[in-house]
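Hi,

Here is the structure I promised to pass on to you. Have a look at it first, and then read my notes below.

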Amino acid sequence: DRQTLVAVLQFLRRSNLRESEEILRREARLLGDDLGGNVATVATSSPGVAAVAAVPPGKGEARGDRGVGPSSGREAGSLCTARSLGGSPLCWDTRVVGGAVAVEDQPDVSAVLSAYNQQGDPTLYEEYYSGLKHFIECSLDCHRAELSQLFYPLFVHMYLELVYNQHESEAKSFFERFHGDQECYYQDDLRVLSSLTKKEHMKGNETMLDFRTSKFVLRISRDSYQLLKRHLQEKQNNQIWNIVQEHLYIDIFDGMPRSKQQIDAMVGSLAGEAKREANKAKVFFGLLKEPEFDVPLDDEDEEGENEEGKPKKKKPKKDNVGSKSKKQDPNAPPQNRIPLPELKDSDKLDKVMNMKEAARRVRLGPECLPSICFYTFLNAYQGLTAVDITDDSSMIVGGFADSTVRVWSVTPKKLRSVKTAADLSLIDKESDDVLERIMDEKTASELKILYGHSGPVYGTSFSPDRNYLLSCSEDGTVRLWSLQTFTCLVGYKGHNYPVWDTQFSPYGYYFVSGGHDRVARLWATDHYQPLRIFAGHLADVTCTRFHPNSNYIATGSADRTIRLWDVLNGNCVRIFTGHKGPIHSLAFSPNGRFLATGATDGRVLLWDIGHGLMVGELKGHTDTIYALRFSRDGEILASGSMDNTVRLWDAVKAFEDLETDDFTTATGHINLPENSQDLLLGTYMTKSTPVVHLHFTRRNLLLAAGAYSSQ
């Protein structure tokens with residue numbers, strides 16, 4: 001935007017920042033003569049640019065909080081200029097919410113910490129904080145809930161500022177006096193903070209650095225924000241105002257302030273709430289069109305039919321398959337948006353089997369709950385750390401802390417390896433049962449143990465065609481195993497730290513992994529290097545999930561947020577905040593519209609992906625939720641937890657009358673029902689087995705798995 005550019009250049013010139021002005025002008029290819037007119041005219045003629053930071057705080061709006069310009073999906077930054085205001089260079093945000101001006105990048109450690117150099121009188125910090133606290137507690141109820149969000153980020157930054165400037169005793173007394181006032185869900189962060197008592201401690205502390213580099217996001221109504229600003233200016237409270245300006249991102253919305261309950265539902269993550277801008281991008285959450293092919297009927301099906309049933313059954317089934325695939329979902333991505341593998345003949349056969357099974361599927365609902373079959377791992381002294389079950393429910397795999405991967409056959413059919421090369425050469429390749437003949441009966445067994453990892457195995461995933469198995473481990477690698485030979489084919493090295501989860505795409509070929517290095521990686525089985533690296537989380541990526549259309553990946557993290565990433569370009573298209581602990585389970589609804597997430601806080605949260613909104617909260621579990629799964633038609637959501645229970649929830653009712661009007665979307669005024677008990681359809685206890693995995697068979701029988709713990 002040319003006017004914005006001119007305003008910035010004039011501002012740089014007035015501030016004697018010649019060098020910056022030259023660089024900007026070179027980049028924008030503007031000549032000196034183009035700087036006509038003065039800033040005042042620019043600012044008035046273009047209301048989207050909030051008088052680019054030319055006003056010190058206390059002399060009018062320093063924050064561009066009215067976005068008029070077109071939205072550029074970039075992160076807004078802040079423009080720092082040296083001012084002779086108490087000798088401290090202040091940062092005024094040139095942030096135009098809706099039209100970003102500057103771009104924020106990750107600063108290095110020393111630069112980050114040096115921002116704490118300027119500071120006021122250390123003895124007054126307690127007075128500043130308690131003054132603000134008193135003001136907020138005495139303000140009107142409608143503003144109090146919103147402004148209370150300031151307590152935690154201000155407390156942390158003021159404490160760190162005292163520590164950095166080596167006022168250790170003041171820092172200690174400040175911490176002791178006010179740490180009890182913070183919300184209970186920040187306890188873990190405060191524990192880390194209390195251990196930082198010297199300047200030296202701050203250098204290598206990741207949590208601290210994250211807090212410093214990422215602006216803490218608060219969503220506040222314009223009325224509450226004006227109230228706060230007026231108070232700080234009247235009190236001449238520069239110290240707090242500086243922190244608000246420099247370290248907080250205040251996302252201002254017009255309209256009613258939010259209630260305590262609405263705020264509590266959305267806050268709790270390491271960096272505050274998500275900016276509204278973060279959830280504006282379009283997401284193609286629809287399903288891809290199924291390939292068309294006829295469903296031949298088996299002999300056994302025909303024999304089982306009575307004479308008049310035969311032709312009847314065949315006709316509607318064929319039409320049904322055809323009609324289902326002709327309609328293109330309006331929200332679906334283009335079919336060729338990302339390259340997906342071709343269907344092999346065996347895949348087509350499997351799809352046919354799947355459709356036949358689907359015809360016999362039980363329709364679930366509040367009146368018809370699924371049977372649950374629980375696989376308990378007994379005597380699992382190796383420590384069960386991960387489980388997966390094949391889509392056709394024929395095999396189950398366990399990852400263990402003793403670094404083994406164990407595969408069991410769940411059906412009477414035993415697991416067999418392919419014969420040796422010498423034996424294979426003797427087989428008649430043209431025979432009909434060649435696929436049977438290549439298997440070596442001598443190797444048949446119910447269990448195969450795969451050795452190769454050198455640390456606990458934290459994630460396992462079967463490929464959709466059941467030919468491959470992925471496992472990821474504390475040793476930093478992801479391994480691909482062949483289920484034909486039960487040997488390791490590839491070790492993918494990209495993570496330098498433990499890999500917590502991995503999952504195959506629903507179409508095979510691609511897979512995702514996430515780990516302690518805070519990034520998720522997208523791989524293809526035939527590439528040694530990752531195809532995409534998804535960076536943005538502020539702590540470990542603890543779980544990963546592909547969207548049913550394979551165009552998106554959801555990741556849950558220990559920073560207490562869930563992010564949705566676009567596989568095509570690697571962009572983060574959704575950030576969901578609301579959990580109060582690390583996320584450990586994710587599940588997409590079969591129609592691709594919704595996402596369910598579970599965490600250590602024992603809550604299941606439901607999200608509308610299209611609108612980027614929280615639409616439900618299921619309370620009932622008393623411990624970490626490690627498993628979530630929707631039934632095949634999406635009527636029921638099953639959750640499994642460390643509290644030794646499986647709970648079934650009415651997903652249809654949870655999603656039926658959603659308020660997703662524009663106002664809700666714009667402000668985040670979500671109204672969650674007080675009580676989720678009317679959505680709870682059943683609770684099923686195990687004797688002493690935490691639930692690690694859940695799986696609905698193609699006919700909607702629920703399989704659950706976990707290891708019996710004797711304590």
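This is a predicted model: local features need pLDDT of at least 70, side-chain atom pairs count only at pLDDT 80 or more; totals for chains, interfaces and linings use all residues.

**What I found**

Lys619 is partly exposed, with a relative accessible area of 41%. Its salt-bridge partner is Glu617, and the closest N and O atoms of the two are 3.9 Å apart. Glu617, on the other hand, is buried, at a relative accessible area of 15%.

The mean pLDDT of the chain is 79, and 79% of its residues reach 70 or more. Over residues 32-107 the pLDDT stays under 50, and the model has 152 contacts beyond four places in sequence for them. Residues 299-325 also stay under 50, with 19 such contacts.

Now the overall picture. The chain has 711 residues, and 52% of them count as buried. You will find 21 helices and 33 strands in it. If you take the contacts between residues at least 6 apart in sequence, 63% of them join residues at least 24 apart.

**Salt bridges**

Side chains of opposite charge can pair when their charged atoms come close. How many salt bridges does the chain have? The count comes to 37.

Arg466 lies in the loop between strand 12 (457-462) and strand 13 (468-473), while Asp350 belongs to helix 17 (residues 345-359), so the pair ties together parts that are 116 residues apart in sequence. Asp350 is buried, with a relative accessible area of 17%.

Arg466 also forms a salt bridge with Asp392, and here the closest N and O atoms are 3.1 Å apart. Asp392 sits in the loop between strand 6 (384-389) and strand 7 (395-400), so this pair again links distant parts of the chain, 74 residues apart. Is Asp392 buried or partly exposed? It is partly exposed, with a relative accessible area of 26%.

In soluble globular proteins, nonpolar side chains tend to be buried together. The largest nonpolar core in this model has 45 residues, and Leu150, Phe155, Phe174 and Leu193 have the most contacts inside it. Helix 7 (residues 151-164) gives the largest share of this core, eleven residues.

Four strands make up an open sheet in the order 28-29-30-31, with antiparallel pairing. Strand 28 (625-630) and strand 31 (680-685) stand at the edges with a single partner strand each, so one side of each has no neighbour in the sheet. On average, neighbouring strands of this sheet are turned by 15 degrees against each other, direction ignored. Strand 30 (residues 645-650) pairs with strand 31 in the antiparallel sense over five bridges. To see one of the bridges, look for Arg647, whose partner in strand 31 is Thr683.

Cheers

Methods: Residues are numbered from 1 along each chain as its sequence is written. Side-chain values use heavy atoms; hydrogens and water are left out. A nonpolar core is a set of buried Ala, Val, Leu, Ile, Met, Phe, Trp, Tyr and Cys residues joined through side-chain atoms within 4.5 Å. Buried means under 20% relative accessible area, exposed over 50%, partly exposed in between (1.4 Å probe, protein chains only). Helices (H or I, at least four residues) and strands (E, at least two) are DSSP runs, numbered from the N terminus. A salt bridge is a side-chain nitrogen of Lys or Arg within 4 Å of a carboxyl oxygen of Asp or Glu. Two strands pair if DSSP finds at least two bridges between them. Axes are lines fitted to C-alpha atoms, for helices over the stretch in contact, and angles run from 0 to 180 degrees between N-to-C directions. pLDDT is the predictor's confidence in each residue, from 0 to 100. Contact means heavy atoms within 4.5 Å.
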